[in-house]
Amino acid sequence: MAAETNESIVKAQALSPSGRDMNWGLYSTFAAKMDFAPGQQYPIGTADGYYRFTPDSGRILREYQITYISRGGGWFLSESTGRKKIPLREGSIFILFPGEWHSYSPEMETGWCEYSIGFKGSWMDDIVGGGFVTPDHPVLNVRVSDTLQKLFSDFIRISTEQHSGYQQALSGMIGNILGYALYLESNASLDVNYFEKNITRAKNLIQEEYPTMNPKLVASRLGLGYSNFRSMFKKYTGTSPAKYILSVKIFRAKEMLTYTDMTVKEVAVKVGVDNYDYFSTLFKSDTGMTPLAYREFSRGHNK
């Protein structure tokens with residue numbers, strides 16, 4: 001049901017998923033876009049009162065929520081952050097966790113525009129359990145993003161129309177929103193052109209000279225300090241230079257085992273691993289198969 005608590009609220013929609021929707025693993029419970037002008041009072045809520053709260057008292061929910069601030073600024077605080085006010089600005093996202101006391105509000109002099117979505121499900125429980133988002137880091141300082149704003153706007157439109165299968169569509173959008181927000185935050189402080197240029201150069205160098213490459217040599221060839229290079233590479237790609245080099249070597253070894261008649265020892269030497277036993281251990285750790293087993297498997301699937 002939709003509720004209007006003041007003129008600035010565009011839409012606040014409490015959703016009612018079916019039992020079948022709940023079995024999907026992720027389902028939506030709430031969607032809203034609210035635009036508060038400077039100086040406007042800020043209690044919010046819906047007709048059933050479940051989402052209602054005042055910034056002075058805060059609240060505890062039984063679901064997850066993601067809120068994106070597209071205009072204005074304010075503050076957020078929660079139990080896991082020591083009830084200390086965290087500034088929010090245009091482009092901030094904050095995540096609410098079930099059972100976690102929290103409060104937030106726009107500043108009176110700026111107001112804000114917020115997009116909020118509520119949801120439950122084992123998929124999000126796994127994301128939290130994996131440490132991708134945690135109650136002690138609930139605020140993601142991304143940036144103003146047309147892509148992100150469109151994702152939220154489409155979410156609200158689909159939740160309002162509620163055509164058949166809308167809950168499954170919304171669950172996919174939740175994954176897109178959260179994943180894109182984490183991507184933006186991880187790159188928000190980077191000089192994108194500088195890092196893209198150097199990471200691209202590093203990858204090309206590794207691809208071309210992988211048998212003789214190691215992380216320190218790559219950094220040296222790029223004219224970068226090793227510590228800075230390693231940190232930059234891992235932040236930008238999600239993996240360390242050493243693991244990336246190993247992945248290239250294993251990939252090339254797979255090609256040789258499949259399409260050539262070189263012995264396993266010859267393949268090992270070719271990719272820059274002189275110790276046969278060590279190569280076999282690395283290969284099995286990555287693929288779950290010995291080199292010979294992989295050769296038999298891959299050739300059987302490429303006949």
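Because the model is predicted, local features need pLDDT of at least 70 and side-chain atom pairs count only at pLDDT 80 or more, while totals for chains, interfaces and linings use all residues; side-chain values use heavy atoms, with hydrogens and water left out.

**The cores**

Begin with I93, M124 and L148, which touch the most other members of the largest nonpolar core, a set of 33 residues. A nonpolar core here is a set of buried Ala, Val, Leu, Ile, Met, Phe, Trp, Tyr and Cys residues joined through side-chain atoms within 4.5 Å, where buried means under 20% relative accessible area, exposed over 50% and partly exposed in between, with a 1.4 Å probe and protein chains only. Next colour β3 (64–72), β6 (92–96), β8 (112–120), α2 (122–129), α3 (146–161) and α4 (166–187), the elements that give two or more residues to this core; helices (H or I, at least four residues) and strands (E, at least two) are DSSP runs, numbered from the N terminus. The largest share, 8 residues, comes from α4.

Apart from this core lies another, of 29 residues, and L224, F233, V248 and I250 are among them. In soluble globular proteins, nonpolar side chains tend to be buried together.

Now centre the view on M124: leaving aside neighbours within four places in sequence, M124 is in contact (heavy atoms within 4.5 Å) with L26, Y64, F119, V133 and L178.

**α2 against α4**

Keep α2 and α4 on display, which pack at an angle of about 20° with their axes 11 Å apart. The axes are lines fitted to C-alpha atoms, for helices over the stretch in contact, and angles run from 0 to 180 degrees between N-to-C directions. That angle makes α2 roughly parallel to α4, since angles under 35 degrees count as roughly parallel, over 145 as roughly antiparallel, 65 to 115 as roughly perpendicular and the rest as oblique. To inspect the contact, select W123, M124 and I127 in α2, which meet I174, G175 and L178 in α4. By class, this contact has 5 nonpolar, 1 polar and no charged residues, with Ala, Val, Leu, Ile, Met, Phe, Trp, Tyr, Cys and Pro counted as nonpolar, Asp, Glu, Lys and Arg as charged, and the others, Gly among them, as polar.

**α8 against α11**

Move on to helix α8 (residues 241–259) and helix α11 (residues 291–300), which pack at an angle of about 60° with their axes 8 Å apart. That makes α8 oblique to α11. Show K254, M256, L257 and T258 of α8 together with P291, Y294, R295, S298 and R299 of α11, the residues that make the contact; they divide into 4 nonpolar, 2 polar and 3 charged.

**Single residues**

Still in α11, pick G300, which at 45% relative accessibility counts as partly exposed. A C-alpha to C-alpha distance drawn from G300 to S28 spans 45 Å.

Then go to D21 in helix α1 (residues 19–22), which is buried, with a relative accessible area of 12%. Leaving aside neighbours within four places in sequence, D21 is in contact with L26, Y27, Q167 and Q168, and the C-alpha atoms of D21 and Q168, 147 residues apart along the chain, are separated by 7.3 Å.

Finish at R221 in helix α6 (residues 215–222), a partly exposed residue with a relative accessible area of 43%. Beyond neighbours within four places in sequence, R221 is in contact with R201, L205, E209 and M213.

Note on methods. Residues numbered from 1 in each chain as written.
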